[in-house]
Amino acid sequence: MYTNISPSSSSSSSHSSSSKQLVQRMALNKPNKRPLFTFQSSLCTTLFFIVVFTIPALLLLHTPPSSICTNFSTQTKSWSGDLRAAEFSWNRLNLLHTKPPLQTLKIAVFSRKWPTSATPGGMERHAHTLHTALAQRGHEIHVFTSPPNEHEHENLPIYSQESPNLSPIIHWHEGEQGKWRYNKAWEQFEEENQRDQNSNNFDVIHSESVALPHWLAKNLPNLAVSWHGIALESVQSSIYQDLARQPGEPISPNFNNSLQGMIPKVLNEIRFFKNYAHHIAISDSCGEMLRDVYQIPNKRVHVIVNGVNEQDFQEDVPLGHQFRYKIGIPSNASLVLGVAGRLVKDKGHPLLYEAFSRLKDKYPNVYLIVAGSGPWLQRYKDLGPQVITLGSLNPNELHSFYNSIDIFVNPTLRPQGLDLTLMEAMMSGKPVMASRFPSIKGTILVDDEFGFMFAPNVESLTEALELVIAEGSKRLKERGKACREYAGSMFTAQKMALAYERLFLCIKNETFCYYS
């Protein structure tokens, strides 16, 4: 069965070379193998691989952010040639917004979930934003996904044969609600691909992460997969989460087990990723990992950064003032910080909770707005009246939230992917504070003017918060203008959709692979 979802209202080569040389030297210095299969030897092997795989990321962390921005802007202004050879983000290209597009495509999308609730997850929101934008440009989009919850399914509008290109055509496979069954989705895909012999087959197949497994993907030359997180980044995430433990707090029993399990997973990914014809990295650092560590040929790795609906996230000062009044922020507040998303450990809330606890009495007119739900919600409430907790917000409420704050804080402990909240805040004209991870440093905070970065620990975050408070709201407004300008040139749904469209055209016809 299928229904129609209406749209909502809405860094450099020297570092790579240094990384490889360091890895090679470490490999040459590796001690001789011993036939001892003890826990210690297993742990040593695990730690060795962690060090080897983490070196490229650590080197990127020391790349000055301003140089990244300067190099990329200079590179793209004069760049021309085969797009498949581009190692920078396609969002930086000046792709024309012609309508209708140069050629309309029939695109199959495999996504584990499709947003049907008021507060969907980040990957769901990305999939909806991207493929709705492509459909509105005239492409025929078929989404193969898991069945929604029953009460949500009843409220979905029915697909109209009279206007097939206004929005994606959603194919819910049979089975348990919310559970992804790739084999069922594949059956629907094959049925649709052969349903009408007079109609065209799919020009391009797009898999959101591993929605389509590699043993099916290896026979599809017109397939592109978007990686929203890879196992190598998960290894780093586990390390940072353990480093966030309080003094005296025991190591989680699951930590050693999960860490040892991740190394085989990384090696397995390196072996099977080559089965996918085209790889879309959503950050510049992920693109480097795919090329340098996962050994994917350059011309099969393409960096396209996610985008957000520019109509949903705009600067609106009066709206921000109204929202402050509504939620109880006093008029004498000197500074308002904001954080949004799932309130869980891997999003860095232990860090923000502790850092703000240390500062709130020293700065009684500084407030923190917390938007989201999760285990840390009650702990934030316990901090007192300087912390305003709102629970989960829908997109319209998020618009008001961003406009009510002076700066957005993202203390994430997850290097994988890129949080849409950072882009939404910048699109709303707000500077950001974020963990110093390669993905964020290489794609989001590429200029010091855009905000502040900190090491993922309480001391560094506390120090950064002190700097923000010392600057004050007036200076932060100036930073926000620069953020809005940069985000408008990089993180819009239109920029993202045009980049994906050009890649899909290139996959179908090599003529479109050449850019001038």
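The model is predicted, so local features need pLDDT of at least 70 and side-chain atom pairs count only at pLDDT 80 or more, while totals for chains, interfaces and linings use all residues. Residues are numbered from 1 along each chain as its sequence is written, and side-chain values use heavy atoms, with hydrogens and water left out.

Let us begin with the cores. A nonpolar core is a set of buried Ala, Val, Leu, Ile, Met, Phe, Trp, Tyr and Cys residues joined through side-chain atoms within 4.5 Å, and buried means under 20% relative accessible area with a 1.4 Å probe and protein chains only. The largest such core has 72 residues, and L337, F401 and M433 have the most contacts inside it. Helix α17 gives the most to this core, with 11 residues; helices here are DSSP runs of H or I with at least four residues, strands are runs of E with at least two, and both are numbered from the N terminus. A second, separate core has 39 residues, including W186, L216, Y276 and V301.

Contact means heavy atoms within 4.5 Å, and, leaving aside neighbours within four places in sequence, L337 is in contact with residues including F356, V366, I405 and L465.

F401 leads us to helix α14, where F401 is one of the buried residues. This helix, residues 395–404, is mostly covered, as 7 of its 10 residues are buried. Those buried residues pack against α11 (317–327), β10 (335–340), β11 (366–371), β12 (387–391), β13 (407–410) and α15 (420–427).

Our last stop is A108, in strand β3 (residues 106–110). A108 is buried, with a relative accessible area of 0%. Not counting residues up to four places away in sequence, A108 touches H142, F144, F189, F202, V204, I205 and H206. A108 and P168 are 60 residues apart in sequence and 9.9 Å apart in space, C-alpha to C-alpha.

Conventions
Buried means under 20% relative accessible area, exposed over 50%, partly exposed in between (1.4 Å probe, protein chains only).
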